[in-house]
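Subject: Structure for you to look at

Hi,

Here is the structure I said I would pass on. Have a look when you get a moment, and my notes follow below it.

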Amino acid sequence: MSSFLGKSNLSRGLRNNNPGNLVYTSSAWVGKIPYLTNTDQNKHFEQFTEVKFGIRAMLIDILGDIGKGKDTIKKLISEYAPPNENNTALYVQKVAKAVGLLPDQKIYQVDVLFMMQIARAIINHENGKDGLLITDSDILDAIDILERDNINGIKIDSKKTFRFNVIIVPVLLFLYTVFTVTV
């Protein structure tokens with residue numbers, strides 16, 4: 001889905017098209033709704049015109065923190081979701097498990113799979129069951145528009161081969177089914 005903006009029955013992150021719940025800043029994010037037209041309660045959180053822009057901003061924020069030395073899940077999530085606002089220890093455990101790293105293990109590789117895993121873990125944690133409304137395609141759309149191959153010295157590998165595999169396997173299964181049913 002391209003936009004959940006204003007859908008009052010959804011979590012705040014989704015209805016702001018900001019599934020990472022980024023707090024409002026002066027950053028000029030692509031697709032950001034300006035402060036004067038931001039309808040978030042107390043204008044505390046960013047709002048975006050489409051969900052892919054909110055996911056993109058979240059990924060840039062995360063990747064920037066990794067490049068600034070927050071290069072473990074524990075350091076990264078402690079910065080992203082500080083203990084004065086969150087159960088950070090639980091958040092760290094969930095994200096570490098989702099990306100297949102120990103909380104204090106250094107992040108060496110930032111590729112499409114890592115970005116998919118960390119985005120999905122954060123989105124699900126921030127939005128509960130509503131996080132499931134964000135599809136892998138939404139996350140891949142955000143990765144497609146990252147327009148960065150390096151953030152603060154961290155090389156980002158956003159090759160689209162992952163998307164190819166996600167698309168080609170179902171197509172081949174469909175063709176196989178059609179072929180075997182007609183024979």
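Start where helix 3 meets helix 5: Ile73, Leu76, Ile77 and Tyr80 on the helix 3 side are in contact with Ile118, Ile122 and Glu126 on the helix 5 side. Bear in mind that this is a predicted model. Two packed helices are described by the angle between their axes and the distance between the axes. For this pair, the axes come within 13 Å and cross at roughly 40 degrees. That angle lies between the 35 and 65 degree cut-offs, so helix 3 counts as oblique to helix 5. As for handedness, helix 3 passes helix 5 in a right-handed crossing.

Now helix 3 itself, which covers residues 73-80. Looking down the axis of helix 3, you'll find the buried residues within an arc of 90 degrees, so they line one face of the helix. Helix 5 (112-127) isn't the whole story, as the buried residues of helix 3 also pack against helix 2 (51-67) and helix 4 (88-99).

Leaving aside residues up to four places away in sequence, Ile73 touches Ser78, Val92, Val95, Ala96, Val99, Leu101, Pro103, Gln105, Ile107 and Ile118.

Ile73 also turns up in the largest nonpolar core, which has 46 residues. Along with Ile55, Ile118 and Ile122, Ile73 is among those with the most contacts inside that core. At least two core residues come from each of helix 2, helix 3, helix 4, helix 5 and helix 6 (136-144). Helix 2 gives the most, with 10 residues. As background, nonpolar side chains in soluble globular proteins tend to be buried together.

One other thing for your backbone checks. Most residues other than glycine have a negative phi. Asn21 has a positive one, near 55 degrees, and Lys43 does too, at about 50 degrees. Where do you find Asn21? Asn21 sits in the loop between helix 1 (12-15) and helix 2, and Lys43 is in the loop between helix 1 and helix 2 as well. Are they buried or exposed? With a relative accessible area of 15%, Asn21 is under the 20% cut-off and so is buried. Lys43, at 22% relative accessibility, counts as partly exposed.

Cheers

Terms used: Residues are numbered from 1 along each chain as its sequence is written. This is a predicted model: local features need pLDDT of at least 70, side-chain atom pairs count only at pLDDT 80 or more; totals for chains, interfaces and linings use all residues. Side-chain values use heavy atoms; hydrogens and water are left out. Buried means under 20% relative accessible area, exposed over 50%, partly exposed in between (1.4 Å probe, protein chains only). Helices (H or I, at least four residues) and strands (E, at least two) are DSSP runs, numbered from the N terminus. The arc is that of the directions from the helix axis to the C-beta atoms. Contact means heavy atoms within 4.5 Å. A nonpolar core is a set of buried Ala, Val, Leu, Ile, Met, Phe, Trp, Tyr and Cys residues joined through side-chain atoms within 4.5 Å. Axes are lines fitted to C-alpha atoms, for helices over the stretch in contact, and angles run from 0 to 180 degrees between N-to-C directions. Angles under 35 degrees count as roughly parallel, over 145 as roughly antiparallel, 65 to 115 as roughly perpendicular and the rest as oblique. A crossing is left-handed if the near helix is turned anticlockwise from the far one by less than a right angle, and right-handed if clockwise.
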